[in-house]
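Q: Could you take me on a close look at the part of this model around the ligand, and at the helices that go with it? I would like one connected account that I can follow with the structure open.

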Amino acid sequence: MTPHYDVIIVGGRPAGSTLAARLGRQGLHVMMLERAEFPSLPAASSPIIFAPAMQLLDEIGAPEADYARATPRITRMAIHRNDFQTTYDFPITKGRNYAYAIDRARFDAALWDHALGFPTVEGRLNTSVTDLLWEGDRVIGVVAKEGKGPEEHLTADLVIGADGRFSVVARKTEARVIDEHQEEPTTLYYAYWKNVQPYDDHGPLSVAYEGGPGFGLLVMDSADGTAAITLEGRADLVDPAPGQAEALYLDLIQRQPDIARRIQGAERVTPVQGMKRIGNLYRQPGGPGWALVGDAYHQHDPLDGQGIFNALFTAKSLAWAIHYWRSGEKDWPAALEWYDETARIKTYGMFRATLQNVRQNIYADNTQMPEWALTSLRWMMEDDSMRDLMGKLMTRQVPPEVMSVMMPGVMAGALLRGPLRDLRKRLAG
Ligand SMILES: Cc1cc2nc3c(=O)[nH]c(=O)nc-3n(C[C@H](O)[C@H](O)[C@H](O)COP(=O)(O)OP(=O)(O)OC[C@H]3O[C@@H](n4cnc5c(N)ncnc54)[C@H](O)[C@@H]3O)c2cc1C
């Protein structure tokens, strides 16, 4: 007998497991199939999540005490350029004024376990989907393999690809790629370290360091007393030969004097992992008998740390679309169209803003700025209104479209207040 489910989900990290939980709440029989064993780190991800992502997890009852166990709350961010440093607090978003640099292995395992807490949700680890089953042009199931075991057939009313950037479901269905941007690709490497010296005496934080031409660095206080140190740069510059990624990572992070100071006596506790030429695109949301969610559907440069939010939000939208379809409120094509539209409304503005951010912060050579431009930049970074607006963008309280309308006024105010602040500092000695 071929086992049959309402929904089969391929991939069980943030998109797959939270979609399973939402469908489990609808009482659907769901099977999650995940190639990896948990807990394990995903192929590539640095770890920052902001309050809006946690709010989506609240909606499905995922316990923060589990997914963020032993992880410090990061309530502030520092910008560290060699010519000036500034720190700002994260604004409160729905009661939370903090982010986490989560341990992704712990986070993903906690969400998987949470999904399995719903009585109609099942999951199998160490199980790869190698192919899809078809009836005409409709997907009706998957071919799966547990470890080195035999191939098995499983069928479902719907097969979902929550299987990340290199989605097998997208490949087998030949899902169309939409809105792809390869103009300014980036490459990112990261590792977790122990015994990293604190940045200052005011508790955990995330520090964005000026790196060098074409790359930046981020140090985030993470779980169990570790810190995640991330390097992101232009794909053509951060382009190690095979086997040289670790050497390049270590070389570039140590060129930043404050990071070199902080890692003296520190120990790296994970391998250097990362991804070259990170994609920026949307895919067709689905077709007969199938749909894509999370990174399989939409990939976004990691510079602004929005990927996990996008995975959780697209899972929520798809769960609603499935509800409309199953309740007869919409047929499947209309449900898919609604899903795509809802997901894009929430993700597209940020997608464009991040691409712009990549252009300005990674591709433009800010290390050669003239003195007047550096001073203006410092005035803006030290200005409370400017920092508040940036924090609100990062935590999605201000959509990017609104940000671009507000920005000229806030910038003008910052440039007026900057010289006065400098004067006051000079007078105060
Ligand atoms: C370098 C880098 C840094 C990032 N940093 C951040 C950050 O700081 N903050 C942030 O919010 N986001 C970040 N992101 C993005 C974030 O990691 C992703 O958006 C998020 O993991 C997407 O979740 P997902 O569930 O869609 O896919 P994934 O997390 O990729 O999970 C897909 C799962 O599918 C499984 N799978 C794949 N193929 C099969 C198969 N055939 N059969 C069975 N299982 C399969 C895989 O084993 C995997 O576990 C980063 C991404 C990259 C590349």
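**The shell around the ligand**

A: Happy to. The ligand is surrounded by 37 residues, and the closest of them are G11, S45, G164, G294 and G307. Two or more shell residues come from each of these elements: helix α1 (14-25), the strands β3 (48-49), β8 (127-135) and β17 (273-275), and helix α8 (307-326). Among these, α8 gives the most, with 5 residues. Please keep in mind that you are looking at a predicted model.

What is the make-up of the shell by class? It has 20 nonpolar, 12 polar and 5 charged residues.

The assignment for the chain lists domain 1 (4-69 + 103-180 + 279-351), domain 2 (186-275) and domain 3 (369-427). Domain 1 and domain 2 each supply at least three residues to the shell around the ligand.

Now to the helices. A packed pair is described by the angle between the two axes and the distance between them.

Let us start with α1 and α8, both of which give residues to the shell. Their axes are 8 Å apart and the helices pack at an angle of about 35°. This crossing is right-handed. On the α1 side, the contact is made by P14, A15, T18, L19, R22 and L23. Facing them from α8 are I308, A311, L312, T314, A315, K316, L318, A319 and I322. Sorted by class, the residues of this contact are 11 nonpolar, 2 polar and 2 charged.

Helix α1 has another partner, helix α4 (residues 104-116), and the axes of this pair come within 8 Å and cross at roughly 20°. Angles under 35 degrees count as roughly parallel, and α1 and α4 are therefore roughly parallel to each other. The crossing of α1 and α4 is left-handed, while that of α1 and α8 is right-handed. Here P14, S17, T18, A20, A21 and G24 of α1 meet D108, L111, W112, H114 and A115 of α4. The classes in the α1 and α4 contact are 6 nonpolar, 4 polar and 1 charged.

Methods. Residues are numbered from 1 along each chain as its sequence is written. This is a predicted model: local features need pLDDT of at least 70, side-chain atom pairs count only at pLDDT 80 or more; totals for chains, interfaces and linings use all residues. A residue is near a molecule or strand if its C-beta atom, placed from the backbone, lies within 6 Å of it. Helices (H or I, at least four residues) and strands (E, at least two) are DSSP runs, numbered from the N terminus. Ala, Val, Leu, Ile, Met, Phe, Trp, Tyr, Cys and Pro count as nonpolar, Asp, Glu, Lys and Arg as charged, and the others, Gly among them, as polar. Domain bounds come from an automatic or database domain assignment. Axes are lines fitted to C-alpha atoms, for helices over the stretch in contact, and angles run from 0 to 180 degrees between N-to-C directions. Angles under 35 degrees count as roughly parallel, over 145 as roughly antiparallel, 65 to 115 as roughly perpendicular and the rest as oblique. A crossing is left-handed if the near helix is turned anticlockwise from the far one by less than a right angle, and right-handed if clockwise. Two residues are in contact if their C-beta atoms, placed from the backbone, lie within 7 Å.
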